[in-house]
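Could you walk me through this protein? I'm new to reading structures and would like a plain tour of what is in it.

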Amino acid sequence: MIFASIKETFVFRKHSRFIATIALGFFTWTSGGFFSLAHAAKLEANKPSVKSVPQLQQKSPRVEERFSKLTEELENTLADTKADHVSKKTRLKAGHDEIIKLDTEMRAQFAATEQKLKAAKLPAAILERHRKFVKHYDDNLSELKGNVARVENAKNQAEIEVEVEKTHKHLKRVKAPSAHQKLDPNNLPNRKRSIVWREPRTKKEAFGKDFKRDKQAWESQPRIMVAANGTLAGLLVSNSINAITLPAADDLAETTDVQFTPEIQAKALELGNNPVKIYEWVKNNFKYEPYYGSLKGAQQTLLEKSGNDFDQASLLIALLRASNIPAKYVYGTIEMPAERAMAWLGVKDPKVPGDIIASGSIPATGIKDSTGKITTIRLEHVWVEAFVNMYPSFGAKSGAGNAWTPIDPSFKENKIKDSINISKIVKFNEVEYLSKQSTASPSLSYLHTLEDYHTATYQGTMREMFYATKIIEKEFGIFMGTLPYKIVVVGSRFSGIDATLRHKITISLNDLRIPMKSATYSD
């Protein structure tokens with residue numbers, strides 16, 4: 001749902017775990033490995049169901065696993081700078097004898113695999129690849145045997161050193177790449193996101209490059225006239241005070257992000273299908289998360305009780321439309337004082353809000369005063385417009401709508417609480433745990449203790465015990481007709497979120513039978 005999509009590509013090697021192991025320390029990964037494919041298929045077919053295995057059982061290592069471990073041990077031994085060459089020669093000879101024994105089992109599996117490939121009447125190309133695979137194995141094994149023989153026949157220390165080094169280079173060259181990646185403390189998967197500032201757009205024309213023309217633009221829509229004793233300024237969201245864009249069918253429709261699931265319909269009914277109650281419920285109960293683009297959609301936001309401006313807007317729109325209340329997204333650039341941004345994000349340092357927003361890839365900038373202090377945060381943002389009965393009820397009553405009003409469920413102030421070290425309040429009683437001889441693990445037992453403490457102490461969710469912020473709930477019973485920040489520019493209004501604003505995962509599958517043929521799926 002975002003300009004920058006997340007892409008992952010997978011090479012389709014069905015059940016390739018076996019070949020990765022036999023590719024093993026022993027020279028096979030460069031030749032394809034169809035022996036492993038068939039053997040892995042057999043393992044999958046014979047694998048017992050989950051129901052038939054009450055508990056995990058320790059299995060003895062397979063031949064290819066023993067083969068891999070042995071060759072890896074030999075390579076490490078020969079690489080040991082502290083060991084003398086005589087001991088390396090002795091270990092190499094013993095390892096060679098073990099490999100010869102394992103080779104008998106390996107060849108039995110090769111033969112069985114070839115029979116299965118023939119019985120399955122697979123294309124000749126697959127059988128040929130399997131045979132190339134076996135030949136590749138044979139060539140490498142022959143080279144190892146020759147290396148070992150030359151080490152044994154070496155007549156003096158110098159010759160032994162030369163032949164041992166040749167053998168070590170061979171084993172190192174053909175060793176299978178390890179699946180385990182060494183830890184790089186400077187490249188952790190959960191490292192803090194880098195802060196990249198993107199300047200927010202301040203002119204409507206700039207948004208036009210990324211958004212399709214608004215089909216519901218007010219200039220091309222029929223008008224209705226509103227009678228009033230006083231001014232409607234501030235209540236009607238339109239380019240003309242007395243001209244209102246009528247809702248279209250799309251403003252009541254389901255979309256990819258707005259789904260009328262049973263849970264959403266039930267919640268809308270529970271809230272009386274009342275627009276103000278729906279808005280206040282989302283605003284007061286859903287934590288704001290600073291990331292860019294539509295990621296969760298209405299249903300997942302409902303389940304997780306959190307989301308960014310896009311996702312909370314989707315949930316609000318879904319609840320409104322399920323209540324037969326037209327609603328749409330509005331995308332633009334806004335400004336707010338730094339103090340208000342601090343309350344919104346639940347931080348105390350005025351330097352932090354801008355960094356938090358920018359690290360979420362949200363186009364934003366900090367506006368500084370003459371002293372260099374950031375006083376205003378400007379960012380691109382999404383809010384909602386709902387077509388409700390603003391006159392005379394200010395949305396408090398359900399019924400025929402007569403005006404579009406702006407509402408933003410994602411913007412809410414937070415009360416910043418002091419951090420709590422819950423481990424000092426709820427302590428783990430080791431003596432009590434051991435005396436009960438509980439079958440539950442210590443961590444699970446402590447979790448139950450935390451749940452008991454939460455039930456007795458808190459009324460809200462369990463995360464309130466750990467998070468240092470809490471939403472300041474506000475209920476006015478009406479729509480105010482304004483937003484709690486300054487609108488710099490409205491870039492676009494739309495009934496459904498465009499694909500360019502939605503996070504996507506692309507999966508490519510390569511067909512081994514047809515090189516480089518792939519299928520891509522996006523959501």
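**A walk through the model**

Let's start at a loop: K305 sits between helix 10 (297–304) and strand 3 (306–307). Keep in mind as we go that this is a predicted model. K305 has a positive phi of about 60°, even though it is not a glycine. That's worth a second look, since most residues other than glycine have a negative phi. Is K305 buried, exposed or partly exposed? Its relative accessibility is 30%, so K305 counts as partly exposed.

You'll find N324 in the loop between helix 11 (309–322) and strand 4 (327–337). With a relative accessible area of 59%, N324 is exposed, because exposed means over 50%.

The peptide bond from Y391 to P392 is cis, with omega near 10°. P392 is placed in the loop between strand 6 (374–388) and strand 7 (403–407).

Now step back for the big picture. The protein has 16 helices and twelve strands. It has 523 residues, and 41% of them count as buried. Among contacts with a separation of 6 or more, 72% are between residues 24 or more positions apart.

Next, follow a hairpin. Strand 5 (residues 364–368) and strand 6 run antiparallel, joined by five bridges. Where they face each other, K368 stands opposite I374. Five residues lie between the two strands of this hairpin, and in the turn G372 has a positive phi of about 90°.

Let's head inside. The largest nonpolar core has 55 residues, and M336 and L379 are the ones with the most contacts inside it. Helix 11 gives this core its largest share, eight residues. What does M336 touch, leaving aside neighbours within four places in sequence? Its contacts are A341, W344, T375, T376, I377, L379, F411 and Y485. There's also a second, separate core, with 21 residues, including L78, F110, L141 and A154.

Ring pairs link Y288, W344, W383, F411 and Y485 into a cluster. Counting pairs whose ring centres lie within 6.5 Å, the total comes to 16 aromatic pairs. Take F67 and Y137: their ring centres are 5.9 Å apart and their planes meet at 55°, so the pair is tilted. This pair links distant parts of the chain, with F67 in helix 3 (residues 63–79) and Y137 in helix 5 (residues 124–153), 70 residues apart. Both F67 and Y137 are buried.

The charged end of R198 sits over the ring of Y292, at 5.1 Å from its centre. Over at W404, K328 lies over the face of the ring, 4.6 Å from the ring centre.

Technical notes. Residues are numbered from 1 along each chain as its sequence is written. This is a predicted model: local features need pLDDT of at least 70, side-chain atom pairs count only at pLDDT 80 or more; totals for chains, interfaces and linings use all residues. Side-chain values use heavy atoms; hydrogens and water are left out. Rings of Phe, Tyr and Trp (its six-membered ring) pair if their centres lie within 6.5 Å; planes under 30 degrees apart count as stacked, over 60 as edge-to-face and the rest as tilted. Helices (H or I, at least four residues) and strands (E, at least two) are DSSP runs, numbered from the N terminus. Buried means under 20% relative accessible area, exposed over 50%, partly exposed in between (1.4 Å probe, protein chains only). A charge sits over a ring if NZ of Lys or CZ of Arg is within 6 Å of the ring centre and within 35 degrees of the ring normal. Two strands pair if DSSP finds at least two bridges between them. A nonpolar core is a set of buried Ala, Val, Leu, Ile, Met, Phe, Trp, Tyr and Cys residues joined through side-chain atoms within 4.5 Å. Contact means heavy atoms within 4.5 Å.
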